[in-house]
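Please consult the sequence and the structure as shown below.

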Amino acid sequence: MTQNDFRNSEARLGLYLILPAVVLVILVVILPIISGIQISFTSQRVVGSEFETVGLKNYLDLFGDKNFIASLGRSAVWVIANGLFQTIISLLIALLINQPFRGQNFVRTWILLPWAVPAAVTAILWRWMFDATSGIINTSMMGLGVLEKPLLFLANPEIAGISLTFVNSWRYVPFLTIIFLASLASVPEEEYEAAKVDGAGMWLQFKSITFPNLLPTLTVLGLVGTLWASNVFDIIWMMTRGGPGVSTTTVPVLMYDTAFYGYNISKASAGAIIFLLLLIIFAIVFIFLNRKQFILANETFKDLSK
Amino acid sequence: MNSSYSVISILRLLVIVLIMFILLAPFLWILIASFRPNMELVRNQTLIPQNITLENYVSLFAKSAYWKWVINSFIVSLYTVILSLPLIVAGAYSVYRTQFRGRNVLSFFLLSVYIFPTALLVVPIFKIFDGLSLIDSHLGCALMNTAFAVPFGIWLLQAFLRSLPPELEEAAAVDGISKIRTLFQIIIPQAAPGIIAIAMFAFIVSWTEYLFAMTLLLSNDLHTLPIGLTGIVFGQYRVNWGFAAAGAVGSALPVFILFLIVGRWFIRGISAGAIK
């Protein structure tokens, strides 16, 4: 067998092995998007009903729809609040629990529990904790005299978004923390030893060793976290259904409601496509601006896999 | 110097305890609530229950479709694990140990599924699955879960594969053992902890899933635990918190047991063995 034959058979094997996953993703993600684009140019109301082609009408309607524009704004706020808050908090927690302490193994394992239980459990848990009359937070705060009347965590339009951001972070911060922890563990120990010999303090060690080593992970998680946050539907749907009023109606919530409760799948599809385009533009700009970090992340991977 | 150091470490421990309290106390609180009579939950409650009752669990286990939901959830999760594992192991090996043109593009393509908000995908998926008779089918639901578990699963497992010592594999290559035999005889046994972690990841993805199950499973008989439970709990005008608490405990329990048994392997697996 010549070197070239060997390479070819290896290339074929590699391709065959990844192909099933690629086919599945095409089947349940790419095809639906193509189908969604088709639907968005029609007047179809429900799946299976009759329709005609209406061109760009749905898109033009949406751009004139105050509700839709407002939901885009709420999605932007939601993504920034969740993405930023979660990334910073999980990095801090990871730094905090990275050094050995008693109970470290317990913390590393059980910290993940909020992420691992169904969103339905999270929704029940926090709707009850937030409850005005029987929720532990309100009853104990009033018992202590901190509050005079209960805070309507989910029923007050001004704080419902903050409450949901808290609950959503409660759910995702543990997972992000574990990912940060793994990337902290891969920072070479020798660099710290050398810094200690040079008399570098904790802040200097963080600035000159930890942070640069974490930057590729931070950047990738920044992108993935943003996309995950924009995707959140279940928690919002179960806790407020986008309410009170429309105060927590982000784009996914509005479009789901439009499709399955407003019986207008073509309008919902058009809204979905617009949102998707915005996310893709964001991802491209983000990757372009941080291309150095992405190349670094990729190169660490290549070096290691040699 | 020494005393200020210990002040910092005590402070650090306190912050850690506070964080764990915020993350875990709600579970303890709902566990206690699940043993309280519903009447006691509506009024202001004391920290320690005054009355202990099993009425909430009786309504959950005997008067609701709980066991049917559990079985349905298990079926969907089992399908998801069975479908995901081969795809993830093959995909991770392909990305990690073979060289071919387009490899990077394909692995990036797979990760790009997370760019598409699922709530926006369900409309066309509903239409396509309708044509394939995958609506109202546990398999259809599991297919969606699999598609969203696989890309991240590949990423997690290839990180784990990277951390394995390469010697055995190199020896196999020198002996002229084919790549595919190397995968089955050397990589898979070595990567067993990583594969357990991936199986657990796929199970959790499916067990916690809400949107696809809600949209694609129409008949009550097929509802999974999250759908059945929230349908009853949030379907009423006044929430029966006792029942809700028992239901939450009954839904979190399988995950809790899983963590108890293989939790540490899971952490090791997803952190590529970097955390011992």
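Which residues in α12(A) meet which residues in α6(B)? In this predicted model, P252(A), M255(A), Y256(A) and A259(A) on the α12(A) side meet A119(B), L120(B) and V123(B) on the α6(B) side. The residues of this contact comprise seven nonpolar, no polar and no charged.

**Geometry of the helix pair**
- The crossing in which α12(A) passes α6(B) is left-handed.

**Interface between chains A and B**
- Contacts between the two chains involve 78 residues of chain A and 82 residues of chain B.
- On the side of chain A that touches chain B, helix α1 (residues 3–40) gives the most, with 20 residues.
- By class, that side of chain A consists of 62 nonpolar, 13 polar and three charged residues.

**Architecture of chain A**
- Chain A contains 14 helices and zero strands.
- Read from the N terminus, its order of elements is accordingly α-α-α-α-α-α-α-α-α-α-α-α-α-α.
- The C-alpha trace of chain A spans about 75 × 70 × 30 Å along its principal axes.
- Chain A has 306 residues, of which 40% count as buried.
- Among contacts in chain A with a separation of 6 or more, 70% are between residues 24 or more positions apart.

- D136(B) is located in the loop between α6 and α7 (138–162) of chain B.
- Is D136(B) buried, partly exposed or exposed? The residue has 15 other C-beta atoms within 10 Å; since a buried residue needs 20 or more and an exposed one has 12 or fewer, D136(B) is partly exposed.
- Beyond its neighbours within four places in sequence, D136(B) is in contact with L217(B), L218(B), S219(B) and L222(B).
- The C-alpha atoms of D136(B) and D221(B) are separated by 9.7 Å, although the two residues are 85 residues apart along the chain.

Definitions and conventions: Residues are numbered from 1 along each chain as its sequence is written. Chains are lettered from A and ligands numbered from 1 in the order in which they are written. This is a predicted model: local features need pLDDT of at least 70, side-chain atom pairs count only at pLDDT 80 or more; totals for chains, interfaces and linings use all residues. Two residues are in contact if their C-beta atoms, placed from the backbone, lie within 7 Å. Helices (H or I, at least four residues) and strands (E, at least two) are DSSP runs, numbered from the N terminus. Ala, Val, Leu, Ile, Met, Phe, Trp, Tyr, Cys and Pro count as nonpolar, Asp, Glu, Lys and Arg as charged, and the others, Gly among them, as polar. A crossing is left-handed if the near helix is turned anticlockwise from the far one by less than a right angle, and right-handed if clockwise.
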